[in-house]
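User: I'm new to this structure and would like a close look at a single part of it. Could you walk me through the aromatic rings and how they pair up?

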Amino acid sequence: MHVELFALLQAGPLDAVLAPFYWLLSLWSKAMFGLYDATGLEFLQYQFMHRAILVGLCIGVMAPLIGTFLVHRQLALIGDALAHTAFAGVAVGLFLNGVFSLGVSPYLTAVVVAVIAALLIELISEATDAYNDVSMAIVLSTGFALGTVLISLNAGGLAVGINQYLFGNLSTVSAENAAILLVLFGIIVATIALTRNQLLYVTFDETAAAVSGISVTWYNRVMVMLTALVVVGAMQIMGVILVAAMLVVPVAGAAQVSKSFTQSLLVSVVLAELAVLLGIGLSYYGGATAGGVIVLVAVAIYTVSVIAGKLQERASDDSVPELGSIDSSDA
Amino acid sequence: MSVLTDEEHDDAELDSKSSEDADSTPADPLVELSDVEFGYTAAPVVEDISIRITPGEYVAIVGPNGSGKSTLMKLILGLLRPDEGSATLFGEPSHSFDDGARIGYVAQHASASKEMPITVREVVKMGRFPHVGFGILSAEDHEIVDEALATVGMSDFANRRVTQLSGGQRQRAFIARALAGEADLLVLDEPTVGVDAESVDAFYDLLESLNDEGITILLIEHDLGAVTDHAERIICLNREVYFDGPTDDFVESDALARAFGTAATVMGDI
């Protein structure tokens, strides 16, 4: 007991925070080994795949959850802008580690930089009274430019590992990064669960939400900051270039076949999980990059959803109900 | 260009229904603007605006495009702060008024994408959000939602996607949302744009029946014929208030021609 406590104290504050999540990871790994024994699926015998699957499952929940609010506010591209700034954050982390030997996780610096960029986009939109392509393009370009400059300045081997951040990589999901993702997952899901009423109202009718007393500015900030966290979390597997797809494609597919907002949230999560699990499996056996395969699977699912939606529309050629009479006595 | 003097304004108010009902003690105003001026730049969009709306009134604000109607609505709702003068809602400064459930707001369109899959019931439930905050809707909240749907005759449409509704049906759903919030004041910003003529009549009938039940109606409208047929009091605006008084007096006055800068006439049933 004393030895464990000493080791915990020596490990530093981050490891102390992540300790329970390492424990969760070990539990998950045991379960995956159990599944391997039961099914004999080859890729389940590797611990890095256990972590990749867990990270993928988390992405499949949190990306469409926040993506649903973004897509219906016509802010689908904000994820792309934030992913590029997250890349700058990774470069900052690598730079600090290269120059000062700090040993900080590039994903943590990516979280910080992406959240700052998210607030910047929000402040620009508040100042100009609208989200606009120009502000997003400026933030996106600045982030990517900063990232490439920092990497080129510190070329002594850093560029070698940059591909994993650009395109994602199943095998490089470390225990630390998986634990960080679990923390982000908890924060994101809890925040959305708590603020779902307000986020929905602001998404559907911003002015009516403001009149009803909801602080639209505050919830817009919450939304972009959550997006930044999702982007960084999903970047490990998806890579900077493709991460935004998970915010948009499953949501767009769900919108085609869902009859209500609640249903669209659930369907988008199911479609995203399907894309992630199929994508990871196919990329393992095909030897292809996971991010790309996941997106291709997601787009295939979206195509099927569009067709299913059209068929559903045609089949539900039901009669329009009569408009009821006005019952003012209930007013 | 003339504006109403304070005396004329008070006279107009004496003629209004609420003042008649209030015997010798005038009711506390739901909305009160005093000498309000506001501009997005140095040039004012609205100026010298003094308006008092009391409980139970049915008021329409009319004016040509660019006359400052929407700006005035935002000032009333506390979405903008006056550069000069004061604006109050239910006796509190509008910008810091925090009991949003007392106000129902109905716009031409919602701001969400047209593809958003959301049902009428989900929209009406939003009216309860100011009451429940971060919590979940109780059985009582759901009952109130059902009652609001029944009141506007939309019970059979409760599980339909809003995107499948006609313009008139959609506006009924938004009114149901305001009713679910148990609003005392209903503010409607050009609600009948893009709505077919038959639905417009039904829509105004609904507003009238809600007003009969005691809900104060504030309507911002471009359709002069419709408002003179239904509203009891007209405020005619073109940066300044050109007329504020009973609808019958408005129809007979020259305020319309002066505000619109043309020999306009009202094509209503009056």
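**Aromatic pairs**

Over all chains, the structure holds 14 aromatic pairs. Rings of Phe, Tyr and Trp (its six-membered ring) pair if their centres lie within 6.5 Å; planes under 30 degrees apart count as stacked, over 60 as edge-to-face and the rest as tilted. One of the pairs is Tyr107(A) with Tyr165(A), which is tilted, at 5.5 Å centre to centre and 55° between the planes. That pair links distant parts of the chain: Tyr107(A) sits in helix α5 (residues 106-128) of chain A and Tyr165(A) in helix α7 (residues 163-167) of chain A, 58 residues apart. Helices here (H or I, at least four residues) and strands (E, at least two) are DSSP runs, numbered from the N terminus.

Before going on, a word on where this comes from. This is a predicted model, where local features need pLDDT of at least 70 and side-chain atom pairs count only at pLDDT 80 or more, while totals for chains, interfaces and linings use all residues. Residues are numbered from 1 along each chain as its sequence is written, chains are lettered from A and ligands numbered from 1 in the order in which they are written, and side-chain values use heavy atoms, with hydrogens and water left out.

Back to the two tyrosines. Tyr107(A) counts as buried because its relative accessible area is 3%, and Tyr165(A) is buried too, at 7% relative accessibility. Buried means under 20% relative accessible area, exposed over 50%, and partly exposed in between (1.4 Å probe, protein chains only).

Another pair is made by Tyr284(A) and Tyr285(A), and this one is edge-to-face: 5.1 Å centre to centre, with 85° between the planes. Both rings also belong to one aromatic cluster, together with Phe43(A), Tyr46(A) and Phe48(A).

Take the contacts in chain B (heavy atoms within 4.5 Å) between residues at least 6 apart in sequence: 68% of them join residues at least 24 apart.
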